[in-house]
Amino acid sequence: MSTQPGTSGQTPLYEDLPCGHLLLGADSLIVRANRLFAQWLGCPPQHIEQRLRLTELLTPGSRIFYSSHVVPLLALQGFANEVSLELTTPGGQALPVLLNAQHLEGASGEDALISVTAFNASATRRYEQMLVATQERAERALDELREQREQLRVTLESMADAVVTVDANGQVKLLNPAAATLLRVDAREVVERPFAEVVRLLWADDQQPRPCPVVQCLFLPEAQQETRASLLRAHDGTLCPISDTVAPIHDARGRCTGAIWVCRDVSEQHRLAERAAHALRHDMLTGLLNRQEFEQALARCAAAQGWPGYLLCYLDIDQFKLINDTLGHAAGDLLLRELAQLLRDGLRKDDLLARLGGDEFGMLLKGCSAGEAVQRAQALRKRIQDHHFHWEGGTHRVTASMGVAQLPGPGEPASMALIHADIACHAAKEAGRNRVQFFTSADTLVQARHGEMHWVPRLQQALAQDRFELLYQPIVATAPGVSRVKYGEILLRLRDDDGQLVSPALFIPAAERYQLMSALDRMVLRKTLDWMQRTPSVHCSINVSGQSLGDLAFLDEAVANIKRSRVDARRLCFEITETAAIGNLEAAQAVIAQLRALGARFALDDFGAGMSSFAYLHLLKADVLKIDGGFVKDLHRDPRHRAIVESIHHVAAAFDMRTVAEWVENEAILNELHAIGIDYAQGYFTGRPVPLRSWNAESPSRPTQAAPAGAAVS
């Protein structure tokens, strides 16, 4: 401690304290200042003393605070402690100080002084700022935690899955509303109860209690978890199929503090799966078993031991197509549903009924002999015959043909029973319809159908092995003014295992009956287009079956193949029989319209065989009429046939169609065709069929010698 002379000589100035010290006179004039205070200001004490006022050294804000708060306090109570102010330093930086001020008692005649001690508060200010920043960060973190917690709460409450959390002892701590709903409990009542008491699980297959997943997770984490389907028994006793998972909860140190169990109600998925499984096994229209399921049941029945007395019945509605064509498909669908119910009501509980497709039904009749099976089939046939089908104010009657067959013996495939019943059913139709036919190999009609059945695997194998061969038969101009381009019909033959060519008359009926014609038509068109690519001078006629007419996939594929081949569609003529065209009128019109749009032409083949299609000529818009060879082959000897051919030609001319006469076998026929004015002739006399691989564009179209009678069948 030291003192200096002067008016304040009696008042000590503290030099050794770790703080600034001032003695202030009137109006805050600095009378004395110690060295540390002067250092803060960057000057010696003498540059401050008696020259500057304390207020001049304060920042503007501190100056106002000093004048408005500190000075009144000193005047009122004589002291002011721990006043936070800021000094202005030479560098322009503010120096925070903590100031204590006190009036001193002066000697008689001396002015009173104010003793001021100032502590450097920079470190304190930094700590305060750090503390404020820390508090702000903590508040932000706390706000984020509150926000996350709220998000988690909303998420948890809005989740469709049930969520239950437990502590390390397996006591329920929380469950969301979905869990409370699924368990049928009040959430407040189950908190703090053991999970195993709140959640009761069973195995779905045997409904035996399932081990508690939370207990296994917390106390047996290494235990192997089973993956069987589970059920939840709610607190009201209801059972619900579920899918659930459980996972442990760990703290920051990795210690397990509990677990979370998540459960989903899969009742709707089960219902959807059951509906899908039902749809896979049942016909959507009638609700009966479908063909695949029926065939599997048939195989099981045939293979099982101790299942004697089963017989198979195959039912086909007679002329069902007439219902669809005249009344519409909605009527046909309703009729099928009514007949399905009629058959259900006529069968016993142990019998099996299925819709095999279209208007065909299959039945497995249990516990009866062959004679009893026929009697039961007759009873079902009569139920159908007596049924009155009502549609839009009209009443309609239908009948059914049925075939009955025994199940195959040991070593034979079960499918043979279905084949035999199908054969017997077709035999019943050909015998006059509305009857029951039992399959016996000695029956004449059955033998005929059985013969066709043998063609099916042969045709399928021939398609797979590419053993079909195409031939070209010329169609020659016979009238002046018609085109003289090379034009002919593509004919189909099968090369058998022994290398011989087989006439289509032997295999086409089987192909038509067993739905193979569309595959044959596709193959013929594909091969013909490939040949026409290599033979640009030729125009070809190609036959299209009634099955292909009704097959939208065939039409799409035909258009695609024509475009792919880049063969000019104007070189193609598609032949459709009048029977197929009339029987599939809408389909025929659609095929003709789309292929004609590409430039192709159309011919009505075998025209006149039924003499029923004159009324359809204006609807079909064909380019060519091919007159049935049955009228052509003897028109030079039979005036009636000549008149028919001539009348068909005149009708065709009225519709701006060209005519082709088939089965032209001799020169006399050709001369008559010239006289009538027929445009083209086709037959063995004008040109024999030639394999495509050996066709020669320069070969004569007419042979030197007439073909024998009857050889014109193509």
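Tutor: Let us start with a single pair of residues. This is a predicted model, and in it N100 has T117, in strand 5, as its bridge partner.

Student: How many bridges join strand 4 to strand 5, and in which sense do the strands run?

Tutor: Strand 4, residues 94–103, and strand 5, residues 114–120, are joined by seven bridges and run antiparallel.

Student: In which order do the strands of the sheet lie?

Tutor: The order is 2-1-5-4-3, in an open sheet of five strands with antiparallel pairing. Strand 2 (30–33) and strand 3 (79–88) are at the edges; each has a single partner strand, so one side of each has no neighbour in the sheet. From one strand to the next, the twist averages 30°.

Student: Which helices lie across these strands?

Tutor: Helix 2, residues 60–77, lies across strand 1 (20–24), strand 3, strand 4 and strand 5, and runs at about 160° to strand 3. Helix 3, residues 122–158, lies across strand 3, strand 4 and strand 5, at about 120° to strand 4.

Student: How should I read a helix, for example helix 13?

Tutor: In an α-helix there are 3.6 residues a turn, so residues three or four places apart point the same way. Helix 13 covers residues 415–430 and spans 23 Å from first C-alpha to last, close to the expected 22 Å.

Student: Is helix 13 mostly covered or mostly exposed?

Tutor: Helix 13 is mostly covered, with 12 of its 16 residues buried. Among the buried residues are L418, H420, D422, I423, C425 and K429. After helix 13 comes G432, with a positive phi near 130°.

Student: Where does pLDDT stay under 50?

Tutor: Where pLDDT is low, the predicted coordinates should not be read in detail. The chain has a mean pLDDT of 85, and 91% of its residues reach 70 or more. Residues 1–8, however, stay under 50, and the model gives them 19 contacts beyond four places in sequence. Residues 703–714 are also below 50, with 25 contacts beyond near neighbours in sequence.

Conventions:
Residues numbered from 1 in each chain as written. Predicted model: local features only at pLDDT ≥ 70, side-chain atom pairs only at ≥ 80, totals over all residues. Heavy atoms only, no water. Helix = DSSP H or I, 4+ residues; strand = E, 2+ residues; numbered from the N terminus. Expected span 1.5 Å × (residues − 1). Buried < 20%, exposed > 50% of the residue type's maximum accessible area, 1.4 Å probe, protein only. pLDDT = per-residue confidence, 0-100. Contact = heavy atoms within 4.5 Å. Pairing = 2+ DSSP bridges. Axes fitted to C-alpha atoms, helices over the stretch in contact; angles between N-to-C directions.
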